[in-house]
Amino acid sequence: MNSKVMDKIATAIFILIAIIITSVLFGLLGYIIYHGFSKLTLDFLTSPSSSFREGGGIGNQLFNSFYILFLTMLFTIPLGLGGGIYMAEYAKPGKITNIIRTCIEVLASLPSIVIGMFGLLMFVNLTGWGYSIIGGALALTVFNLPVMVRVCEDAIRSVPKDQKEASLALGITHWYTIRKVLLPSAFPSILTGAILASGRVFGEAAALLFTAGLTTPRLDFANWNPLDANSPLNIFRPAETLAVHIWAVNTQGLIPDVREVADGSSAVLIIAVLIFNLLARWIGSIVHKKITSSK
Amino acid sequence: MKVSIGTKNRIALKETEDYKVALKVKDLNIYYGDNHAVKDVNMDIRQNAVTALIGPSGCGKSTFLRSINRMNDLIPIARSTGEILYEDVNLVGNDINIVALRKEIGMVFQRPNPFPKSIYNNITHALKFYGINSKKKLDPIVEESLRKAALWDEVKDRLHDSALSLSGGQQQRLCIARTLAMKPNILLLDEPASALDPISNAKIEDLIIELKKDFTIVIVTHNMHQASRISDNTAFFLNGDLIEMDKTDKIFTNPSKKETEDYITGRFG
């Protein structure tokens with residue numbers, strides 16, 4: 001067989017694989033959104049869920065998901081950035097750095113249910129908080145941190161070395177160079193990575209089952225005092241997130257419209273993750289343009 | 001400290017001539033791990049003159065240049081011994097304030113490396129670090145530096161455009177301007193024109209000749225013609241040894257070492 005024919009066959013195979021992957025993806029997306037679409041009403045998105053009657057919504061779950069996501073990113077981004085800067089700029093190649101790197105990789109590949117059990121021990125039992133938003137957010141921080149460290153490290157390392165040399169050669173300190181040259185150049189990739197990680201966190205269920213819990217108290221959305229038990233902002237209350245809700249109604253739901261609620265929740269979840277991904281690309285490219293061209 | 005005069009690497013310029021020494025290099029050795037990259041180099045670098053470092057790739061000339069403002073510190077496995085005396089301070093020592101040193105001994109690299117910021121902010125980046133923040137103080141420094149680097153007329157109407165919109169030659173002159181804004185005493189140039197077209201190259205060469213009135217310049221170059229056109233003294237490196245250093249005319253017309261002659265006439269390298 002001559003090389004031209006081989007080349008054509010290889011091209012055809014790769015195109016076929018690409019078609020299979022995209023059609024599976026679109027099929028899945030289409031199926032979930034098609035089934036859940038009828039549920040995507042304002043009422044469904046805002047009303048509280050019901051435990052045995054028909055017609056409950058996902059308002060609280062949606063709020064919980066975003067609140068836990070916000071807190072998780074609040075913890076993860078500074079820690080991840082610090083870790084990434086250390087790994088990219090300060091860690092000297094050697095044994096200790098290798099050990100740290102291995103730890104990060106192991107942590108990144110831990111199954112999320114294991115992180116959930118760890119969270120149960122640490123943030124639920126040891127602290128005595130019980131199932132709580134803060135416990136869930138901390139468990140998700142453990143889940144998300146290695147990815148964030150990796151994202152920040154890679155972003156900083158991918159800044160051309162000559163940029164760093166240029167700044168240092170002008171008689172500028174390492175730290176100022178990191179702040180004013182490396183981080184601004186790395187910012188678009190860090191932002192993109194953070195938003196993609198957000199999508200992962202938003203859809204995570206296993207790590208939250210035993211940390212944030214399966215219930216949500218009756219919330220009063222007029223009460224924004226974070227110390228009150230029925231305030232949505234209270235971080236010590238249990239909180240069922242959207243992803244956990246999907247699992248819960250499917251396995252132990254008593255409501256007659258289990259199927260509809262699950263379909264609707266799945267559609268909302270997948271649309272949210274999709275939006276995170278599109279946002280990541282869009283904001284990333286805008287920021288990149290803004291930073292590289294002046295002002 | 002014992003200085004071994006008369007070893008094959010001890011090559012100073014004739015003492016009778018009247019000049020000031022900006023950098024005095026004594027028994028400098030640089031290692032990358034087990035690789036002995038620069039061997040027992042002794043050299044005087046004249047003030048307000050252009051000193052060219054020539055030699056084949058891997059001969060240690062860039063390593064030598066980068067050791068002057070301690071850029072080799074970025075490479076974890078690099079270490080050096082010996083002395084580089086600058087105003088009676090040994091730059092090789094561990095107690096050197098590297099940040100202050102690099103402000104006085106600036107460096108321009110082979111590939112133009114402007115920051116992805118505006119032309120104006122490329123120059124103010126380091127000034128702001130040193131606490132100069134007001135536009136009133138920054139504006140004249142920006143203009144003066146760009147004028148000195150012969151770039152002002154080309155960019156004065158678009159100072160706030162991205163530096164990446166400039167041509168390669170303009171970018172390199174911007175990098176020189178950025179270094180000049182720090183008012184250094186010594187300029188280290190690491191093949192500053194090798195990535196540029198002939199016209200940009202000629203502009204950089206004119207600029208270097210102009211700049212030696214105010215600065216001491218050390219330039220690494222692969223281009224023999226460039227070395228002969230712009231430099232006052234030339235040092236020839238081979239395999240980490242400083243083979244010969246003399247006035248540029250002498251090196252290019254009547255070198256005393258056979259290796260130098262072979263290299264200059266293009267027999268190797």
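## Two paired strands in chain B

In this predicted model, strand 6 (residues 105-108) of chain B is joined by 4 bridges to strand 7 (residues 186-190) of chain B, and the two strands run parallel.

## The build of chain A

Chain A contains 11 helices and 0 strands, and its C-alpha trace spans about 70 × 60 × 40 Å along the principal axes. Of the 295 residues in chain A, 40% are buried. When contacts between residues at least 6 apart in the sequence of chain A are considered, 74% of them join residues that are at least 24 apart.

## A helix crossing in chain A

Two packed helices are described by the angle between their axes and the distance between the axes. For helix 3 (residues 59-90) and helix 6 (residues 133-157) of chain A, the axes come within 6 Å and cross at roughly 35 degrees, and the crossing is right-handed. The residues that form the contact between helix 3 and helix 6 of chain A comprise 20 nonpolar, 8 polar and 3 charged ones.

## Regions listed in the record

An unreviewed UniProt entry lists several stretches of chain A under "transmembrane region", namely residues 12-34, 66-87, 99-123, 129-149, 181-202 and 267-287. In the model, residues 181-202 of chain A are 100% helix and 0% strand, with the end C-alpha atoms 32 Å apart. Residues 267-287 of chain A are likewise 100% helix and 0% strand, and there the end C-alpha atoms are 30 Å apart.

## Where chain A meets chain B

Between the two chains, 21 residues of chain A are in contact with 27 residues of chain B. On the side of chain A that touches chain B, the elements giving two or more residues are helix 7 (161-169), helix 8 (174-202) and helix 11 (258-292) of chain A. Helix 7 of chain A supplies the largest share of that side, with 6 residues. Sorted by class, the side of chain A that touches chain B holds 9 nonpolar, 7 polar and 5 charged residues.

How values were computed:
Residues numbered from 1 in each chain as written. Chains lettered and ligands numbered in written order. Predicted model: local features only at pLDDT ≥ 70, side-chain atom pairs only at ≥ 80, totals over all residues. Contact = placed C-beta atoms within 7 Å. Nonpolar A, V, L, I, M, F, W, Y, C, P; charged D, E, K, R; others polar. Buried ≥ 20, exposed ≤ 12 C-beta atoms within 10 Å, placed from the backbone. Axes fitted to C-alpha atoms, helices over the stretch in contact; angles between N-to-C directions. Left-handed = near helix turned anticlockwise from the far one by under 90°. UniProt positions renumbered as here; feature names shortened; annotations may be inferred. Pairing = 2+ DSSP bridges.
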